[in-house]
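Thanks, everyone, for making the time this morning. I would like to walk you through one model, taking the strands first, then a pair of helices, and finally the surroundings of the ligand.

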Amino acid sequence: MISLFIQFFTKCIVTIVIMSLTQTTQALSLPKEWDIHKAFLENSSDIHKNTVIIQTPTELYGPKGRFEGIDFLKFLAQKNISIENMDLITFIAVDGYKVSIPLSYIKKYSPILAFKQVGARAGKWDTVWFDNAKVQGGPYYLIWTQGEAVPISYWPYAIVKFSLQNYSEIYGKSAPPFSASNKVKAGFEIFQTTCAPCHSVNLQGGDKGPEMNVPKNFTEYLSEDFIKNYVKSPLSYRANSRMLSLAHLSPENMEDLLLYLNEMKKHKVCKSQEDCATKLKEARK
Ligand code: HEC
């Protein structure tokens, strides 16, 4: 029950984030889409040579147990699918549900793409309850050897396709340039997941809170200490603050976020009040 709730909650958050993004940015584009099954069928002997067996943690909303799979990065390499210059991978499930995972995370923790449940007949998977319906766990499922340390939303199951993106293709002008450091990108990921539902950068994002970059960047008129403390406890500054307290962010998260904000100073979409007013009108059309 609790895990179902978490699952629902995670999906809601993802949906809210995506909804708020698509309001001010172009619809999420998914270039370079691959059908996993097609890729598996070609040279399937290479895949079977590299099969590993992996056990999932027991506390999981997806299928549980032992699975046969292949190291996902090895699989991409075998298929000559290059992840150079890409920031994000989006897995797409049978029902169209999408989960995006930073490629930096995939490279660091090297997940397994499971294609068979151990002991089950080929093509047969345990079913999982989702949205009051039973769904098949397969045909493909992403499993992490790091177990529960990996966020619950990063265990997509029933997946059939994936696509690769870089941030600017999805998030437009709020994305740092591809050449930005990993710390800046980590900061951007925090902005996207935690701030963008309410705040915009370069006019991309939510509009419940103030814009963070144009015409002036937060770091040009607020001290870094103020930003760090405000995020933790807005109500300790303003009795009527409508901002959520985001005390769960670590000092490192905040440092990365500030690096991202500082980087975006160099990439403003508009620099004057007039220029920004025009851009804003265009963005809201
Ligand atoms: C639920 C919506 C919401 C979220 C999420 C949110 N904010 Fe805010 N934020 C606001 C609103 C609304 C304000 C305007 C002042 C207020 O109500 O506190 C604000 C104000 C601020 C201010 C003060 C700006 C000023 O000039 O006074 C800072 C700094 C800030 N937000 C940073 C952040 C950061 C960084 C994040 C993400 C880690 C974030 N906020 C996430 C809604 C949000």
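Predicted model: local features only at pLDDT ≥ 70, side-chain atom pairs only at ≥ 80, totals over all residues.

**Strands, helices and the ligand shell**

Residues are numbered from 1 along each chain as its sequence is written.

The strand that E9 meets here is E6, residues 112-117, and the two run antiparallel, joined by three bridges. Both belong to an open sheet of four strands, ordered E2-E3-E6-E9 with antiparallel pairing; strands pair if DSSP finds at least two bridges between them, and the element names refer to DSSP runs numbered from the N terminus, helices being H or I with at least four residues and strands E with at least two. At the edges lie E2 (52-55) and E9 (141-143), each of which pairs on one side only, and from one strand to the next the twist averages 50 degrees.

Elsewhere, strand E4 (residues 88-93) runs antiparallel to strand E5 (residues 98-102), with five bridges between them, and Leu88 has Pro102 of E5 as its bridge partner. These two strands form a hairpin with four residues between them, and in the turn Gly96 has a positive phi of about 95 degrees.

Turning to the helices, how do H7 and H10 pack? H7 (residues 182-195) and H10 (residues 251-264) have axes 7 Å apart, at an angle of about 100 degrees, where axes are lines fitted to C-alpha atoms, for helices over the stretch in contact, and angles run from 0 to 180 degrees between N-to-C directions. The two helices are therefore roughly perpendicular, a term that covers 65 to 115 degrees. Residues making the contact (C-beta atoms, placed from the backbone, within 7 Å) include Phe188 and Phe191 of H7 and Leu257 and Tyr260 of H10.

Finally, which residues come nearest to the ligand? Of the 21 around it, they are Cys195, Cys198, Gly209, Ser241 and Met243, a residue being near if its C-beta atom, placed from the backbone, lies within 6 Å. H7 and helix H9 (224-232) each supply at least two residues of this shell, and H9 gives the most, with three.

Definitions and conventions:
Parallel < 35°, antiparallel > 145°, perpendicular 65-115°, else oblique. Contact = placed C-beta atoms within 7 Å.
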